[in-house]
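Please keep the sequence and the model in view while reading.

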Amino acid sequence: DRAVRRLLVVLGCATLLICLYGWAQFLDLPSISELNPYYSMGESHDLDLLSQNRVYSTLENPNVLGQFLSCVFVCYALTFISKVGNRIVSAIIVVAIASTIVLTSSRYALLVSTFGLLFVLGLTQSGTRRAVKLVSSCFLIGILVWSFMATQNTAEIAGNRFQELSHPTEV
């Protein structure tokens, strides 16, 4: 029990630093621009991500950042809902992760985070709270649809790619 709590503290601190770095990239702070070459795949890649308003923090790729954050999001949502550790700290970490996931524009991260949260709600809620589960599920699906549409509208290249993939038989 003590080792798990220590792991959660270390994971939470590291994740908050990664989220803060991502927010600094989004705000285009000058000091962060000097550090970006250590974490990126090159200047042309940085300019491409900057034009699409996507952040990658210290993980070189927004999708990889989204994968990491979605896994940690589900872990901390579970700690928050099951009342393990400090709930205020868990809530802060969950909100920081959710806001950074939106900045990555990673559809994978949006899907996994939403379905992971639905799974956690399904595990932790008793059978007598079906109405709460239904309302929560509808709310989360609404957030997923809204986030997906906002992500699609902001990234023209991703939107074009989505259109190409929506009609696979047409060349």
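Leu-65 touches Ile-18, Val-55, Tyr-56, Ser-57, Leu-59, Thr-100 and Thr-104, leaving out residues up to four places away in sequence, where contact means heavy atoms within 4.5 Å. This is a predicted model, in which local features need pLDDT of at least 70 and side-chain atom pairs count only at pLDDT 80 or more, while totals for chains, interfaces and linings use all residues. Residues are numbered from 1 along each chain as its sequence is written, and side-chain values use heavy atoms, with hydrogens and water left out.

Leu-65 is also among the residues that touch the most other members of the largest nonpolar core, which has 19 residues; the others are Cys-19, Leu-69, Phe-73, Tyr-76, Ile-97 and Ile-101. Such a core is a set of buried Ala, Val, Leu, Ile, Met, Phe, Trp, Tyr and Cys residues joined through side-chain atoms within 4.5 Å. At least two residues of this core come from each of α1 (2-26), α4 (62-81), α5 (87-104) and α6, the helices being DSSP runs (H or I, at least four residues) numbered from the N terminus.

Two residues can be set side by side, with buried meaning under 20% relative accessible area, exposed over 50% and partly exposed in between (1.4 Å probe, protein chains only).

| Residue | Relative accessible area | Class |
|---|---|---|
| Ser-113 | 7% | buried |
| Leu-27 | 52% | exposed |

Ser-113 belongs to helix α6 (residues 107-124) and, apart from neighbours within four places in sequence, is in contact with Ser-70, Phe-73 and Ile-101. Leu-27, by contrast, is found in the loop between α1 and α2 (30-39).
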